[in-house]
Amino acid sequence: MMHWNNYYCLEVFVVGHDWGAIIAWYLCLFRPDRVTALVNTSVAFMRHIFIRAAAVKPTDFFNRAYGPTYYICRFQEPGVAEEEFSPANARYIVRQILCNRFTSEAAGGAKPAAADEEPLPPWLTEADVDQFASEFERTGFTGGINYYRNMDRNWELAAPWADAKVAVPTRFVVGDGDLTYHYPGIQDYIHKGGFKADVPLLEDVVVIPGAGHFIQQEKADEVTEHIYDFISKF
């Protein structure tokens with residue numbers, strides 16, 4: 001059994017992707033003393049989205065940027081998304097999400113090609129799809145959707161950290177085909193000093209050509225190497 005005092009002093013390496021990246025940013029913002037180093041993928045630290053440091057709520061930002069049909073905006077009213085994401089159609093929904101590269105048009109409600117008619121990409125197996133689908137058939141999609149519904153509240157609760165920096169050594173990895181890499185103004189923020197100002201110990205940004213949103217699966221070996229190479233420094 002680990003002694004409490006030893007546990008209390010424990011520091012960890014953190015790796016996050018998408019929602020996990022957001023949670024990792026919050027962890028490193030709130031308790032940088034507990035994190036030795038961070039590798040985050042897909043979602044950069046976007047202060048205006050994560051922290052109430054400005055007047056625009058996250059849902060208002062996405063509504064202005066993409067309109068009310070954008071998936072985050074559509075998800076806000078309980079029951080609406082649940083009708084769209086029936087557990088009975090979990091396998092089709094999982095294939096649709098995984099097999100179609102994320103774009104602002106697709107996320108905004110445009111009808112993608114029928115996923116079941118397309119072959120799986122080489123990084124995804126039928127066993128993967130079956131596993132994901134069986135879990136969503138069991139639980140439904142409400143739990144995941146509720147995270148989007150809590151974005152404004154998270155933003156408000158983080159207000160005391162409005163001026164704080166993410167003071168943890170960090171590497172950021174993103175695919176050049178990821179929706180998150182094409183938010184309005186995000187590339188200027190990432191590459192022209194804004195990101196570095198908010199994350200002063202950011203050591204480098206890695207943009208992987210040909211990768212979409214599920215970068216940890218699409219480019220598993222390459223992403224693993226970037227993670228291993230970075231944490232090995234510590």
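How much space lies in the largest cavity? About 50 Å³. Keep in mind that this is a predicted model.

## The cavity

Searching the whole structure turns up one cavity of 30 Å³ or more. Its lining is made up of Ile-22, Tyr-26, Ile-49, Phe-50, Tyr-147, Met-151 and Asn-154. Helix H2 (19–30), H3 and helix H11 (151–157) are the elements that each give two or more residues to that lining.

What kinds of residues line the largest cavity? Six are nonpolar, one is polar and no charged residue takes part.

Now over to Ser-42, which sits in the loop between strand S2 (35–41) and helix H3 (47–50). Is Ser-42 buried or exposed? With a relative accessible area of 1%, Ser-42 falls under the 20% cut-off, so it counts as buried.

The side chain of Ser-42 has a polar contact of 2.8 Å with the side chain of Asp-178. Setting aside neighbours within four places in sequence, Ser-42 also has contacts with His-17, Asp-18, Phe-172, Val-173, Val-174, Thr-180 and His-213.

Thr-41 belongs to strand S2. Its relative accessibility is 3%, so Thr-41 is buried too, given that buried means under 20%.

Which residues does Thr-41 touch, not counting those up to four places away in sequence? They are Gly-16, His-17, Asp-18, Ala-21, Phe-172, Val-173 and Ile-215. Several of these names come up for Ser-42 as well: His-17, Asp-18, Phe-172 and Val-173 are in contact with both Thr-41 and Ser-42.

Note on methods:
Residues numbered from 1 in each chain as written. Predicted model: local features only at pLDDT ≥ 70, side-chain atom pairs only at ≥ 80, totals over all residues. Heavy atoms only, no water. Helix = DSSP H or I, 4+ residues; strand = E, 2+ residues; numbered from the N terminus. Buried < 20%, exposed > 50% of the residue type's maximum accessible area, 1.4 Å probe, protein only. Polar contact = N/O pair within 3.5 Å; in protein donor to acceptor, adjacent residues only side chain to side chain. Contact = heavy atoms within 4.5 Å. 1 Å grid on protein atoms, 1.4 Å probe; cavity = no way out; pocket = protein on both sides within 12 Å on 5 of 7 lines; lining within 4 Å. Points joined across faces, edges and corners; volume = space filled by probe spheres on them. Nonpolar A, V, L, I, M, F, W, Y, C, P; charged D, E, K, R; others polar.
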